[in-house]
Amino acid sequence: MSITFDPLLSLSLIALLALAAVAFAGLGLYRRQRGMVLRTIALALLVGALINPVILNEEREPLSTIVAIAADRSQSQDVGDRKAQTDAAIDQLKTALGRFSGIETRVIDAGRDTGSDTPSTMLFSNLASELEDVPPSRIGAVISITDGQVHDIPRDNKLSGIDAPVHGMITGKPDEFDRRIEIVKAPRFGLVDQEQELTLRVVDDGVAQSAPAEVTIRVNGEVTNRMDATPGENRVARFRLPRAGNNILEIAVAEIPGEVTPINNRVVQNIDGIRENLRVLLVSGEPHAGERAWRNLLKSDASVDLIHFTILRPPEKQDGTPINELSLIAFPTRELFVDKIKDFDLIIFDRYQHRGVLPILYYDNIAQYVKEGGALLLVSGPEHAGAESIAYTPLSTVLPAMPTGGMNEKPFFPRLSDLGNRHPVTRGLMGANSEPPHWGRWFRSVTVNPPEGNILMDGPDKSPLLVLNRNGEGRVAMLLSDQGWLWARGFEGGGPHVDLYRRIAHWLMKEPALEEEALTANSRGRDIEINRQTLGKNVPSATVRAPDGKTSEVTLTETEPGRFTGTFKTAATGLYEVRNGDFTTLVHVGAVDAPEFRQMVSTTEKLAPMARDSRGIVRRLDQGNGTVELPQILTVRGQVRVSDPDRMVIRMTDETELKGVTSLPLFAGFMGLGLLALAIGSTWWREGR
């Protein structure tokens, strides 16, 4: 109940009237006039009536005290039985707090940072937004249920907009231990087939003394190195990048029996492989119109170091020209085909025939070079069908097709075969989808016996025109026509000679993007894009293994001939393994050094300073007996000045909600009129005496 005023006149006018009344009463009292006391009372009542005092009676209802339960739903909470402990603790808290009248619980699922590439436990960041409709005075406590690995604890240990005890209920077990591995320093790129270095460190959390741990290094899924590392000490590891482009370096450390989780026993690093300039040897058997097509293409590629020789004059030609005038430099056959043959990434014979320039033994060296991983391309003309064809040398052991001795000499459109439409070397060549193809004609090709390998292009009467084959560790390609220069010259509109020639050369040099059978996976934000290249017509579903070991099936759909794709939406950050048939690849979603996986052992230490400053407590839910036990709850009113180490303190609010107001003006109605009449009448009565 309270008294307020609702003036009938303006306060300034009432003040003037009150001042006049005081002056009149004071003068009368000073002169001791008869009846002045009653007149003064009457004037006071009149001024009071003008002020109009009102008695207010408010009807209020007490507001509830809000207790926020912040449940950690981050990925580290999926380890062991932490999630079950969290759910059990929430149920027990709801029951315990429900016994107190005036307490309202709010469960806030926090911590799971699914929208970030660097996930971490953000337990308190969204508390303010979740409680923005609650005044700070109504918040009685914040009870966080977490493993203690929280990454958004304020530096001053104070939650914005919250002035209440903060308690930490820690999941996990008190004797946990875990092994993890860290990349201290690693290159972002490196030269292909050159030795690279990185620095790593094995860390054993919760283990007093540890023996050396075995570390395995894999590059693109292949084991390249094994070594021992002492926990806590930096160790240098060496490896080689096998290919240009993206390479996934995986480092795994042996598990400790009983450790919290093996998730952080593996880390990955994406490293871009950069090739040194590719060395290509181009040998032209004779000058011809198409010779410069290959030379110009290879010279235009800044990543290619080209060595080009042209046999201008065959040895059997006798015209009396002195030997020292036959060429500017001697053809260093021994240096090229014996001493330094392995330095070349690709050897091209362009309309070359055996005329005694190369000893017969050198062809055997070239064949051996191919079988051991080299690359050979034959661009064939009429000489390949003759008796001096290099197909009749020891090189025949690696060639996919043998000539029949004949030539097809009639106009034809080069066409992609069924395999050619699916093979990445020829798939999608501009102009190939129309009939006839939207490019110029060629006029001759070499006829061969049924070849080995893959026929990607057909000549006249569906005869083989472009054949690719693998032999041993190396690769061989045969282009059974020398008419490609017509496309380069723009004859009948030309054709995609640059794309065709470049793709053939890069396939021979093992460019990963041109592999006919391959499985790749790339992260696109939170999604994994799976690509399966195959010459087959169908592929099975891909199997994706998540960081927690769970597997999922992804259906692959053919998006273009020979290419099947699928998308997998991830729920967690980490290293994923994708399998399809005999192929396996790895892909990492999110940052490789995400805070969520650096430390996985539950702890009470990180929340202790915040709990201490807010008069809260931190304790484990599992005290070692395998059950969830909550501390007792203590409710207090007013400011919390001390903490109880055995009880969770909840500050009860004194806030109320106004439900209604009853007002009673003192001078309103008959009561007010009677008082004024009595006061004025008493003055008249006194005057009459």
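Predicted model: local features only at pLDDT ≥ 70, side-chain atom pairs only at ≥ 80, totals over all residues.
I take buried to mean under 20% relative accessible area, exposed over 50%, and partly exposed in between, with a 1.4 Å probe and protein chains only. I number residues from 1 along each chain as its sequence is written, and side-chain values use heavy atoms, with hydrogens and water left out.

Entry on the chain. I counted 12 helices and 36 strands in the protein chain; these are DSSP runs numbered from the N terminus, helices being H or I of at least four residues and strands E of at least two. Of the 689 residues in the protein chain, 46% are buried.

Entry on Gln196. I located Gln196 in strand 9 (residues 195-205) and found it buried, with a relative accessible area of 13%. I noted that its side chain reaches the backbone oxygen of Leu191 at 3.3 Å.

Entry on helix 10. I read helix 10 as residues 497-508, 12 residues that reach 17 Å from first C-alpha to last, close to the 16 Å expected at 1.5 Å a residue; the expected span is 1.5 Å times one less than the number of residues. I listed its buried residues as His497, Leu500, Tyr501, Ile504, Ala505, Trp507 and Leu508. Seen down the axis of helix 10, these fall within an arc of 165°, so they line one face of the helix; the arc is that of the directions from the helix axis to the C-beta atoms. Just after helix 10, I found Lys510 with a positive phi of about 65°.

How values were computed
Polar contact = N/O pair within 3.5 Å; in protein donor to acceptor, adjacent residues only side chain to side chain.
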